[in-house]
Amino acid sequence: MDFDMLGFSPKMTARLTELGLEDPTPIQAQAIPHAMNGRDVMGLAQTGTGKTAAFGLPLIHALSSEGTKPAPRSVRGLILAPTRELANQIAESLRGFAGGSHLTITVVVGGMSINRQIGRLERGTDLLVATPGRLIDLLDRKAVRLTETRFLVLDEADQMLDMGFIHALRQIEPLLAKERQTMLFSATMPKLMSEIAGKYLKNPVRIEVARPGQAADKVEQEVHFVSKEGKQDLLVECLNGHREERALVFGRTKHGSERLMKQLDRAGFKAASIHGNKSQGQRDRAIQGFKEGTIKVLVATDVAARGIDIPGVEFVYNYELPNVAENYVHRIGRTARAGRDGRAVAFCAPDEMSYLRDIEKVLKTKVEVASGAPWAEDTPPPKQGGRGGKPGGGGRGGPAKSRRPRGRGKPGGNRRAA
């Protein structure tokens with residue numbers, strides 16, 4: 001199947017060809033025909049599988065036939081996303097798909113001037129991409145109305161629930177047009193999702209192209225058992241093996257991630273950071289530099305786990321393991337995008353063993369050990385300067401021989417199996 005067979009106009013298929021899109025991904029091939037027929041869709045797929053086009057292309061196809069401009073402050077199609085980065089990424093993709101059409105695409109997120117956003121919405125918009133919190137702010141100010149919104153997309157719905165947006169979603173639903181088409185896309189299926197699906201979707205087609213919680217099949221994963229004190233030295237050693245390739249490093253806290261970025265900068269790496277303490281402008285500049293390659297190492301908290309769609313990210317480092325196992329899947333989904341290979345390297349300190357076990361339960365597989373040995377589950381974190389302070393130490397049986405990263409100095413070498 002190719003895009004010519006999905007019912008798009010010749011102009012749309014020509015535009016997709018210009019963008020280098022010829023063969024739809026599995027989620028696109030299965031979701032688009034139902035969406036084009038007006039059905040509600042629930043799509044379950046891992047990150048990096050092309051979900052934006054799966055809902056974006058049918059929306060643009062449907063709205064392109066509208067002969068009139070949207071009424072002032074009205075919205076014809078609404079796309080809700082959990083983070084600023086993801087909302088901006090979706091809007092950028094939609095503008096690419098709609099290039100040359102009359103459609104207006106507007107994005108509203110926190111951290112930006114709300115007065116400017118109010119001004120843009122005054123004229124009405126065909127497609128509005130929004131984070132739930134900022135949309136509620138605009139609704140409270142009567143700067144936008146949703147009574148004419150006939151298309152709704154909830155993207156990364158599970159993360160919206162994780163971030164506490166359930167109450168905002170409950171506020172937004174009654175304001176939408178009663179007769180509408182709704183599409184929900186998610187990487188995992190938590191229990192609370194059934195309430196959202198039942199409230200928003202009517203007799204949806206359920207499409208599942210990957211088991212919820214499954215990591216991208218081209219991501220090579222490995223774990224180093226290393227003390228907290230040894231993590232920074234190990235990270236520098238690993239990054240030194242591929243200085244000219246892009247690496248995304250995940251920390252758990254804002255302050256810790258900022259401190260790590262500064263340490264990497266002092267070590268001579270072209271590094272930047274994105275987290276909740278950064279302004280939107282700072283975050284945008286960091287991501288743009290990462291895309292362009294002027295930034296080689298981007299240190300981030302989970303705010304970026306689903307907001308970065310950069311095909312050329314070769315490495316993802318879990319410098320600190322997430323305390324929510326599903327976030328590991330979202331983090332490593334930032335590599336191996338668009339069918340490429342990628343590597344995910346995790347560092348596990350003694351007090352993170354329970355996190356690793358939870359991750360392996362979600363993955364339904366063991367992560368290959370790159371160095372060290374598993375720590376005892378009841379091992380307390382080592383004290384600064386104490387035993388176990390070297391990379392690769394630890395475990396019930398004591399220190400294990402460290403396996404050096406293989407192949408061109410990169411962790412994991414050339415092995416391709418996940």
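In this predicted model, helix H10 spans residues 228–240, and its buried residues are Gly230, Lys231, Leu234, Leu235, Val236, Cys238 and Leu239.

The contact with H11 can be described residue by residue. On the H10 side, Gln232, Leu235, Val236 and Leu239 take part, and they meet Leu260, Gln263 and Leu264 of H11. Of these H10 residues, Leu235, Val236 and Leu239 are also among the buried ones. The two helix axes come within 11 Å and cross at roughly 50°. The crossing in which H10 passes H11 is right-handed.

Seven strands form an open sheet with parallel pairing, in the order S10-S11-S9-S12-S13-S8-S14. Strands S10 (271–274) and S14 (368–371) are the edge strands; each has a single partner, so one side of each is left without a neighbour in the sheet. On average, and with direction ignored, neighbouring strands are turned by 25° against each other. S12 and S13 run parallel and are joined by 4 bridges. Val316 stands opposite Ala344 of S13. Helix H14 (residues 353–363) also packs on the sheet, where it touches S8 and S13, and its direction makes about 160° with that of S8.

| Pair | Angle |
|---|---|
| H10 and H11 | roughly 50° |
| H14 and S8 | about 160° |

Nonpolar side chains tend to be buried together in soluble globular proteins. Which residues touch the most other members of the largest nonpolar core? They are Leu57 and Leu94, in a core of 39 residues. Helix H3 (residues 51–63) supplies the largest share of this core, 7 residues. Leaving aside residues up to four places away in sequence, Leu57 touches Phe3, Phe8, Met12, Leu16, Ile32, Thr52 and Phe97. Another core lies apart from it and has 33 residues, including Leu121, Ala130, Leu154 and Ile166.

Terms used. Residues are numbered from 1 along each chain as its sequence is written. This is a predicted model: local features need pLDDT of at least 70, side-chain atom pairs count only at pLDDT 80 or more; totals for chains, interfaces and linings use all residues. Side-chain values use heavy atoms; hydrogens and water are left out. A nonpolar core is a set of buried Ala, Val, Leu, Ile, Met, Phe, Trp, Tyr and Cys residues joined through side-chain atoms within 4.5 Å. Buried means under 20% relative accessible area, exposed over 50%, partly exposed in between (1.4 Å probe, protein chains only). Contact means heavy atoms within 4.5 Å. Two strands pair if DSSP finds at least two bridges between them. Axes are lines fitted to C-alpha atoms, for helices over the stretch in contact, and angles run from 0 to 180 degrees between N-to-C directions. A crossing is left-handed if the near helix is turned anticlockwise from the far one by less than a right angle, and right-handed if clockwise.
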